[in-house]
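Please look over the structure shown below, and then follow the report, which takes up local backbone geometry, selected side chains and the ligand site in turn.

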Amino acid sequence: MHINKEAFGSDFLWGVSTAAYQIEGAHDAHGKGPSIWDIFVKKRNKIFNNQHADMACDFYNRYIEDLELLHRLNIPNYRFSIAWSRIYPDGIGAVNQAGIDFYNRLIDLALELEITPWVTLYHWDLPYALELRGGWLNREVTQWFCQYVKTCVQHFGDRVSHWMVLNEPTVFTAAGYFFGIHAPGKKGLDNFLAAAHHAALCQAYAAAVIKSLYPNSSVGTTFSCSHVEPYSPRQKDIVATQKADVLLNRFFIEPLLGMGYPTKEIKVLRRIEKFMQQHDERDLQFNMDFIGLQNYTREVIRHSYFVPFINAKIVSAKKRKVPTTAMQWEVYPEAMYHILKKFQAYPNIPPLLITENGAAFPDTVVHNQVDDPKRLFYLQQTIAQVLKAKEEGVQVKGYFVWTLLDNFEWAEGYAPRFGLVYVDFNTQQRIVKSSGQWYADFLKNDSSSQFTGSVRNI
Ligand code: GAL
């Protein structure tokens, strides 16, 4: 079957996603306060080669050429995040007008170029001043966050009508508060549960703030998700997989849908109740306009006595000897189909959007060109899986590639390259990769961009 853009229908939303800390740079320009990531990257041996994002892609200074590039690539929807500490250098208190001005310029230019802005309000860069007051562990974060959201919506809501409250709460609470491998580097179950509960409350509270100001806006939030499969048909591996599923896929969506936290499979998660107040369970529920799903791979799970709390562990792709990306994630486009079917199966689930999907592979520049067949193959095959799910009735309304530019990939620094556009971090030169050119042709509905969804079982 030949796949082109038309197969998805004319109202299907195509786009790319980015995040402030990963691309903006200008970490202390024009009154911006430090975020937890600005501080975390300066600690020794937290980030690959001790890299940081002080400059990153210098998007703060180059947003004009980068938006023009988006326009040239025919990309109609652009998801980006607002850096909280550009708006509120101290997290709360005085607003930094220069921060408001920057996002105004960005939004205005996007609209002028007929690119629809999709704004993520929190993509992991909590103002450091708030971290000093407990950050996500302090329940007051819900008030700080709502104030920040209100300010953003008051300033930008006349032109922005698509909002995403959080980016992947599972990842920032688990990596940042349980494993300590992301900012702010805290560890332990209680830290994770407190951060998770406050983040889940913020999802619902902030969505209500947006709706109260602009009832017709479209409000969602985004979740990381992985298709999970047991390593073997043994009962122990099946139970381990169900536990991993709770943490990887179910933990934040279920309270949002009014189902409460999924604690049946992992009893110790009931400790979250310690951080809950009387009406919290009710308040966690919110009718979003859409749910953003972000999928990159599948995980194969087996039982393990040695892993505390869940007795489950991931069997790495390397161990399974399957092809991987530069993140060591299995190349498995079919995961997208399974994830879409899984989320669609929840009763009363809002329409779904794929707000991130992509792949990192090593890229080389030859004669000023970057040929990246592996990324191209992955994107096409995943898009084919989205179509398969859509044709089976899944309400999936759009697909955003992660990401426009090679950028700062958190703890992995600049090593993994996810961009449709190559960035030379010494010169800041941009080179559109062949995958980027293909996406541009596909979005123009150029017949040369048609492809066949033909890999394993499609
Ligand atoms: C997501 C995250 C992005 C990006 C991507 C690739 O978890 O939202 O910021 O890093 O993964 O790893």
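## Backbone geometry in the loops

Asn311 sits in the loop that joins strand 9 (298-303) to strand 10 (312-315), where helices (H or I, at least four residues) and strands (E, at least two) are DSSP runs numbered from the N terminus. Its phi is near 50°, a positive value in a residue other than glycine, and Asn311 counts as partly exposed because its relative accessibility is 28%; on this scale buried means under 20% relative accessible area, exposed over 50%, and partly exposed in between, with a 1.4 Å probe and protein chains only. Glu114, in the loop between helix 5 (97-112) and strand 4 (116-122), also has a positive phi, near 60°, and with a relative accessible area of 69% Glu114 is exposed.

Most residues other than glycine have a negative phi, and most peptide bonds are trans. The peptide bond from Ala183 to Pro184 is cis, with omega near 5°, and Pro184 belongs to the loop between helix 8 (169-177) and helix 9 (189-213). A cis peptide bond is also found from Trp402 to Thr403, with omega near 15°, and Thr403 lies in the loop between strand 14 (396-402) and strand 15 (421-424).

## Basis of the model

This is a predicted model, in which local features need pLDDT of at least 70 and side-chain atom pairs count only at pLDDT 80 or more, while totals for chains, interfaces and linings use all residues. Residues are numbered from 1 along each chain as its sequence is written, and side-chain values use heavy atoms, with hydrogens and water left out.

## Helix 10 and the cysteines

Gln242 is part of helix 10 (residues 235-250) and is partly exposed, at 42% relative accessibility. Between Gln242 and Thr18 there are 224 residues in sequence and 31 Å in space, taken from C-alpha to C-alpha. Asn249 lies in helix 10 as well, but Asn249 counts as buried because its relative accessibility is 4%. Its side chain reaches the backbone oxygen of Ser226 at 2.9 Å and makes a polar contact with the side chain of Asp245 at 2.8 Å; a polar contact is a pair of N or O atoms within 3.5 Å, and within protein one must be able to donate a hydrogen and the other to accept it, with residues adjacent in sequence counting only if both atoms are side-chain atoms.

Leaving aside residues up to four places away in sequence, Asn249 touches several residues, among them Cys225, Val228, Ile339 and Phe343, where contact means heavy atoms within 4.5 Å. Cys225 is itself buried, with a relative accessible area of 3%, and Cys57 is buried at 0%. The structure holds zero disulfides, a disulfide being a pair of cysteine sulfur atoms within 2.5 Å.

## The ligand site

Which residues are closest to the ligand? Of the 13 residues that surround the ligand, the closest are Gln22, His123, Asn167, Glu168 and Glu409, a residue being near if one of its heavy atoms lies within 4 Å. The shell divides into six nonpolar, four polar and three charged residues, with Ala, Val, Leu, Ile, Met, Phe, Trp, Tyr, Cys and Pro counted as nonpolar, Asp, Glu, Lys and Arg as charged, and the others, Gly among them, as polar.

An oxygen atom of the ligand is 2.8 Å from an N or O atom in the side chain of Asn167, and for the side chain of Glu409 the corresponding distance is 2.7 Å. A polar side-chain atom of Trp410 lies 3.0 Å from an oxygen atom of the ligand. Taken alone, the ligand exposes 310 Å², and the protein buries 94% of that, with accessible areas from the Shrake-Rupley method and a 1.4 Å probe; for residues, only the protein chains shown count as cover.
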